[in-house]
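The following paragraphs lead the reader through a protein chain. Please keep the sequence and the structure in view while reading.

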Amino acid sequence: MGRVPSPNATVDELFDTYDRTLTNVADQFAPERTVTPRLRPLCPWFDAECRATRRNCRRLERRYRRTRDAEDKAAYVAACLDKHDVFDQKKKQYWSQRINADDSSPTKLWRSLSALLQREKRTVDDISPTCNDADDFLRFFDDKVRAVRAATDGRQPPDITSAADVSLSTLSAYSEEEVRELIMQSPTKSAALDPIPTFLVKELVDVLLLYVTAMVNASLRDGRLPQSQKHAVITPLLKKSGLDTDELKNYRPVSNLTFMSKRLTHYLDAHGLPQVQSAYRRHHSTETALLKVLSDIYTAIDRQQVILLGLLDLSAAFDCVDHSSLLHRLRTKFGICGSALAWIASFLHGRVQQVFH
């Protein structure tokens with residue numbers, strides 16, 4: 001990976017070599033094995049004293065299992081009893097202090113009582129319902145998008161009222177320093193299809209940097225994304241804690257996809273993105289959107305104007321974006337063309353997905 005790749009290597013060959021090499025290294029030093037995870041969230045009252053008590057109990061247990069001595073068994077049993085007493089005391093002390101502190105606020109008091117009674121406790125069965133499998137989720141997510149699109153089928157495409165006075169025909173190559181910065185600034189999250197975990201990529205960034213830079217620039221130069229990078233693994237997540245876990249409509253699909261070029265984001269931000277748009281922009285979020293709305297309302301009140309707020313919630317809005325309309329808008333509204341538009345089209349077309357459940 002530290003060698004300069006062949007200039008005649010195709011994008012697919014570069015990406016396939018990267019995945020195959022790292023996968024072989026991972027299989028050699030850390031082969032996959034099946035484990036059964038248990039959902040055991042840390043209790044809020046579990047402190048350093050509880051941790052030390054539990055550690056001592058486990059130490060005595062290991063010693064008894066090794067020696068099978070009667071005295072070691074008695075010490076282990078006594079440690080278990082002491083652990084339970086400490087845990088009970090810490091739990092009672094924590095909840096007594098929390099309820100007394102929330103006594104003046106009914107909202108906080110109700111939230112504390114709900115947590116104490118474990119009304120919203122999620123178990124392993126809640127997260128992985130047995131009545132629905134991966135195929136059920138995949139059909140539901142696919143049918144939902146098909147139904148929304150069918151409702152708008154035959155409608156006229158949106159009119160583009162203004163054309164771009166600038167253009168972006170190519171995506172500039174990245175330097176090794178820029179690629180390194182992007183890797184280190186990326187969230188340390190890994191997908192099931194990653195050859196090695198992201199934290200290892202960051203630790204080995206200096207070894208992989210030359211090859212990864214060649215991969216990125218080859219993809220941008222040719223204006224296409226390799227087919228191996230269009231495979232998405234979708235994880236169904238419950239929309240809100242406490243919802244019926246057997247209802248498919250209570251889940252939303254979450255997929256980790258390849259992020260777009262940082263330069264493209266800067267270009268769109270400078271040439272056409274609405275200044276009041278809060279989503280998918282750096283330093284903009286639902287908080288900034290709310291502050292903007294409140295500011296406009298307060299300004300209207302100061303001017304003694306009538307206030308009317310209209311809210312629109314679109315079902316599966318992001319999942320139902322028409323790719324042809326999107327590419328047409330990028331070409332006419334933002335002036336993106338050539339290999340830059342071809343790269344985006346490659347990103348959108350020919351994708352495959354599977355549900356991990």
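Which residues does Arg224 touch, not counting residues up to four places away in sequence? They are Val11, Asp12, Ser219, Trp343 and Ser346, where contact means heavy atoms within 4.5 Å. The model is predicted, local features need pLDDT of at least 70, side-chain atom pairs count only at pLDDT 80 or more, and totals for chains, interfaces and linings use all residues. Residues are numbered from 1 along each chain as its sequence is written, and side-chain values use heavy atoms, with hydrogens and water left out.

The setting of Arg224 may be described next. The residue lies in the loop between H9 and strand E1 (231-238); helices (H or I, at least four residues) and strands (E, at least two) are DSSP runs, numbered from the N terminus. With a relative accessible area of 29%, Arg224 is partly exposed, because that class lies between buried, under 20%, and exposed, over 50% (1.4 Å probe, protein chains only). The side chains of Arg224 and Asp12 are joined by a polar contact of 2.7 Å. Such a contact is a pair of N or O atoms within 3.5 Å; within protein, one must be able to donate a hydrogen and the other to accept it, and residues adjacent in sequence count only if both atoms are side-chain atoms. Arg224 and Trp343 are 119 residues apart along the chain, yet their C-alpha atoms are separated by 4.5 Å.

Ser219, one of the residues touched by Arg224, belongs to helix H9 (residues 205-222). Is Ser219 buried or exposed? Its relative accessibility is 3%, and therefore Ser219 counts as buried. A polar atom of the Ser219 side chain lies 2.8 Å from the backbone oxygen of Arg224. Apart from neighbours within four places in sequence, Ser219 is in contact with Val11, Phe15, Arg224, Leu225, Pro226 and Trp343.

The description now turns to helix packing. Two packed helices are described by the angle between their axes and the distance between the axes. For helix H1 (residues 11-29) and H9, the axes come within 9 Å and cross at roughly 150 degrees. Axes are lines fitted to C-alpha atoms, for helices over the stretch in contact, and angles run from 0 to 180 degrees between N-to-C directions. H1 and H9 are therefore roughly antiparallel to each other, since angles over 145 degrees count as roughly antiparallel, while those under 35 count as roughly parallel, 65 to 115 as roughly perpendicular and the rest as oblique. The crossing of these two helices, H1 and H9, is left-handed; a crossing has this hand if the near helix is turned anticlockwise from the far one by less than a right angle, and is right-handed if clockwise. From H1, the contact involves Val11, Glu13, Leu14, Phe15, Thr17, Tyr18 and Leu22. From H9, Leu208, Tyr211, Val212, Ala214, Met215, Ala218, Ser219 and Asp222 take part. Sorted by class, the contact of H1 with H9 has 11 nonpolar, two polar and two charged residues. Here Ala, Val, Leu, Ile, Met, Phe, Trp, Tyr, Cys and Pro count as nonpolar, Asp, Glu, Lys and Arg as charged, and the others, Gly among them, as polar.

At what angle do the axes of H12 and H13 cross? Helix H12 (residues 323-332) and helix H13 (residues 338-348) have axes that come within 11 Å and cross at roughly 165 degrees. H12 is therefore roughly antiparallel to H13, and their crossing is right-handed. His323, Leu326, Leu327, Leu330 and Arg331 of H12 make the contact with Leu341, Ile344, Ala345 and Leu348 of H13. The residues of this contact between H12 and H13 divide into seven nonpolar, one polar and one charged.

Several loop residues complete the picture. Asn250, in the loop between E1 and strand E2 (251-255), is buried, with a relative accessible area of 12%. Its side chain reaches the backbone oxygen of Asp244 at 2.9 Å. Arg68 is found in the loop between helix H2 (48-67) and helix H3 (70-101), and its phi is near 55 degrees, a positive value in a residue other than glycine. At 56% relative accessibility, Arg68 counts as exposed.

As a whole, the chain has 13 helices and three strands. Buried residues make up 26% of its 357 residues.
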